[in-house]
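Biologist: Please give a close account of one part of this model and of what surrounds it. I should be grateful if each term came with its cut-offs.

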Amino acid sequence: ALQWAGYMGEVKVIEYLIEKGADINAHHTPDKGTPLTYALQNNKPEAAIVLINAGADIFIELYNKTTAFHIAAQWGHMDVLELLFKQNPDVNAQTSEGFTPLILAAYNNHYEVCKFLIDHGADTEIKDTYDQTALSYAKSLDYKNIIGLIEDPENFVYNPDEIALSDRINEGIQLFQYGEYEKAAKKFDEMMPYLKTEYGGNDTTYLTKMILYAALSHEFSDN
């Protein structure tokens, strides 16, 4: 029950179940997910914070050696990451595929998380099992700010003007996937003139997909 409550982000249910003695670290499902990891994976940071403050074990590994620290970095949960860091997790811990928190944050274009991890000792040279580093992923996805940060962390200054259209698209899609429909709708509205210019003549299928995201964002935000 607590795993379900974590996944759904039901804070009051979580608090009630913990008070009644539920196992805060239950991980009997095939993927070995805990209430904490389910909350993080389903973008429920408030629930994750409640679980952490109640004593959830942040070091329990999923079936693929992923921990809560990896998931928080992957999804960009900066407030959760800072809370987890108070328990001194291994900033360079690798999953079974070799992913570090930094690799996951860089791949998902979370600049603030990348900076936090690098400032706290993340090794930018570590490679995953696909022979890729955080920098190589950032370069392949043209995440200019993250590229600059990793290449020169001491001197790089974040430049909002260098946010590529692809970055903004990814941010809009992530907001939609997180259920932040009103924010997603605003993001797609801001991008639409650029999307039409970039894709209107040479990739109308992709443009149609973005228009659909925008329409659904507006539809869901109104409900």
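**A helix pair and its neighbour**

Modeller: The crossing of α12 and α13 is left-handed, a term that applies if the near helix is turned anticlockwise from the far one by less than a right angle, whereas clockwise is right-handed. This is a predicted model, in which local features need pLDDT of at least 70 and side-chain atom pairs count only at pLDDT 80 or more, while totals for chains, interfaces and linings use all residues. Residues are numbered from 1 along each chain as its sequence is written, and side-chain values use heavy atoms, with hydrogens and water left out.

Helix α12 covers residues 181–199 and helix α13 residues 204–221; their axes come within 9 Å and cross at roughly 160°. Therefore α12 is roughly antiparallel to α13. Helices are DSSP runs (H or I, at least four residues), numbered from the N terminus. Axes are lines fitted to C-alpha atoms, for helices over the stretch in contact, with angles from 0 to 180 degrees between N-to-C directions; over 145 degrees counts as roughly antiparallel.

Among the α12 residues that meet α13 are Tyr181, Phe188, Met192 and Leu195, and the α13 side includes Tyr206, Leu207, Met210 and Phe220. Contact means heavy atoms within 4.5 Å. By class, the contact of α12 with α13 has 14 nonpolar, four polar and three charged residues. Here Ala, Val, Leu, Ile, Met, Phe, Trp, Tyr, Cys and Pro count as nonpolar, Asp, Glu, Lys and Arg as charged, and the others, Gly among them, as polar.

Gln174, which lies in α11 (residues 165–177), counts as buried because its relative accessibility is 17%, and buried means under 20% relative accessible area (1.4 Å probe, protein chains only). Leaving aside residues up to four places away in sequence, Gln174 touches Asn108 and His110.

The length of α11 agrees with expectation, because its 13 residues at 1.5 Å a residue should span 18 Å and its end C-alpha atoms are 18 Å apart. The expected span is 1.5 Å times one less than the number of residues. After α11 comes Gly179, whose phi is positive, near 85°.

Key. Helix = DSSP H or I, 4+ residues; strand = E, 2+ residues; numbered from the N terminus. Buried < 20%, exposed > 50% of the residue type's maximum accessible area, 1.4 Å probe, protein only. Parallel < 35°, antiparallel > 145°, perpendicular 65-115°, else oblique.
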